[in-house]
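Open the model in your viewer and keep the selection tool ready. We will go stop by stop.

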Amino acid sequence: MSAPNILLNVNGIEVIYNHVILVLKGVSLQVPEGGIVALLGGNGAGKTTTLRAISNLLAGERGAVTKGSIALRGECIENLSPADLVQRGVVQVMEGRHCFAHLTIEENLLTGGYTRKNKAEVARNLEKVYSYFPCLKSRRTAQAAYTSGGEQQMCAIGRALMTNPSLVLLDEPSMGLAPQIVEELFGIVKDLNQKEGVTFLLAEQNTNMALQCADY
């Protein structure tokens, strides 16, 4: 059997905040195309910083990758903007269920499709999201602020799927959710991986759930 293609290659990165605070040192990992890779560790271990280094969201927090390299399909991506990365299929779902509170569930999902010019493609993607998250379809006119934590997390993942991603960086999806909802979410991640070929890099404290879902 041939070795899987490496989609993402993080090689010996170091991250410093405010020019002085060393947060990551010598972090290396590979994410094979079509795989689910779990990044495990307790609070403050640097999981979120690793994901933000990959998606180039460090600058907003006065952080920077000061050593090492990050490559997507062999292309160095450290100098690309987060928007460039979304165009290349890399999208991050933030820790803490970030939704636009004043928008409806459907409006939140549609913000994920703003980079797509083809309206038919956006409509297809929306139906695909609803097929994976039927509870969002029934709540699509509800304001996000008045939905449950589980629905908001599903909305955040659904919004990422609206971009047609090849790699989703999923940060602490289980945080603050009931075990039954966590199980449902991880089942959907597995489904998206197997049926849609979406690759996942998953940062998680819930080791038990992450290891049930991940290939690596």
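## Stop 1: a residue in strand β4

Select Ile70. At 1% relative accessibility, Ile70 counts as buried, because the cut-off for buried is under 20%. Keep in mind that this is a predicted model. Ile70 sits in strand β4.

Now show what surrounds Ile70. Leaving aside neighbours within four places in sequence, the residues in contact with Ile70 include Leu8, Asn9, Val10 and Ile13. Ala53 and Ile54 are also among the contacts of Ile70.

Next, draw a distance from Ile70 to Ser138. The two are 68 residues apart along the chain, and their C-alpha atoms are separated by 40 Å.

## Stop 2: zoom out

Show the whole chain as a cartoon. How many helices and strands are in the chain? There are eight helices and eight strands.

Along its principal axes, the C-alpha trace spans about 45 × 35 × 35 Å. A compact globule with 216 residues would have a radius of gyration near 17 Å, and the chain agrees, with 17 Å.

Switch to a surface view. The chain exposes about 10500 Å². Carbon and sulfur atoms supply 51% of that area. Buried residues make up 49% of the 216 residues.

Now think about contacts. Take those in the chain with a separation of 6 or more: 72% of them join residues 24 or more positions apart.

## Stop 3: helix α1

Select residues 47-55, which form helix α1. Is this helix mostly covered or mostly exposed? Helix α1 is mostly covered, with eight of its nine residues buried. Colour the buried ones: Lys47, Thr49, Thr50, Leu51, Arg52, Ala53, Ile54 and Ser55.

Step just past α1 to Asn56. Asn56 takes a positive phi of about 60°. Most residues other than glycine have a negative phi.

## Stop 4: two further positive phi values

Select Arg73. Arg73 lies in the loop between β4 (63-72) and β5 (75-76). Phi of Arg73 is positive, near 50°. Arg73 is partly exposed, with a relative accessible area of 45%.

Now jump to Glu172. Glu172 lies in the loop between β7 (167-171) and α7 (179-196). Phi of Glu172 is also positive, near 50°. Is Glu172 buried or exposed? Glu172 is buried, with a relative accessible area of 5%.

## Stop 5: along α7 and just beyond

Select Leu185 in helix α7. Leu185 is buried, with a relative accessible area of 3%. Which residues are in contact with Leu185, leaving aside neighbours within four places in sequence? They are Phe133, Gln153, Met154, Ile157, Pro173 and Leu177. Gln153 is 32 residues from Leu185 along the chain, yet their C-alpha atoms are separated by 8.6 Å.

Move on to Gly197, in the loop between α7 and β8 (199-204). Gly197 is partly exposed, with a relative accessible area of 41%. Not counting residues up to four places away in sequence, Gly197 touches Gly34 and Leu192. Draw a line to Ser166 as well: Gly197 and Ser166 are 31 residues apart along the chain, with 7.6 Å between their C-alpha atoms.

## Stop 6

Select Gln143, in the loop between α5 (134-138) and α6. Gln143 is partly exposed, with a relative accessible area of 33%. Leaving aside neighbours within four places in sequence, Gln143 is in contact with Ala101, His102, Leu103 and Thr104. Now check Ile105. Gln143 and Ile105 are 38 residues apart in sequence and 6.2 Å apart in space, C-alpha to C-alpha.

## Stop 7: the largest pocket

Rolling a probe the size of a water molecule over the atoms shows where empty space is left. Look for the largest pocket, which holds about 510 Å³ of space. Where is its centre? Of the 23 residues that line this pocket, the closest to the centre are Val86, Val91, Gln92, Tyr114 and Arg159. Select α2 (82-87), β6 (90-93) and α6 (149-161): these elements each give two or more residues to the lining.

Finish by colouring the lining by type. The lining divides into 14 nonpolar, seven polar and two charged residues.

Methods
Residues numbered from 1 in each chain as written. Predicted model: local features only at pLDDT ≥ 70, side-chain atom pairs only at ≥ 80, totals over all residues. Heavy atoms only, no water. 1 Å grid on protein atoms, 1.4 Å probe; cavity = no way out; pocket = protein on both sides within 12 Å on 5 of 7 lines; lining within 4 Å. Points joined across faces, edges and corners; volume = space filled by probe spheres on them. Helix = DSSP H or I, 4+ residues; strand = E, 2+ residues; numbered from the N terminus. Nonpolar A, V, L, I, M, F, W, Y, C, P; charged D, E, K, R; others polar. Rg over C-alpha atoms; globule rule 2.2 N^0.38 Å. Buried < 20%, exposed > 50% of the residue type's maximum accessible area, 1.4 Å probe, protein only. Contact = heavy atoms within 4.5 Å. Areas by Shrake-Rupley, 256 points an atom, 1.4 Å probe, with all protein chains shown as cover.
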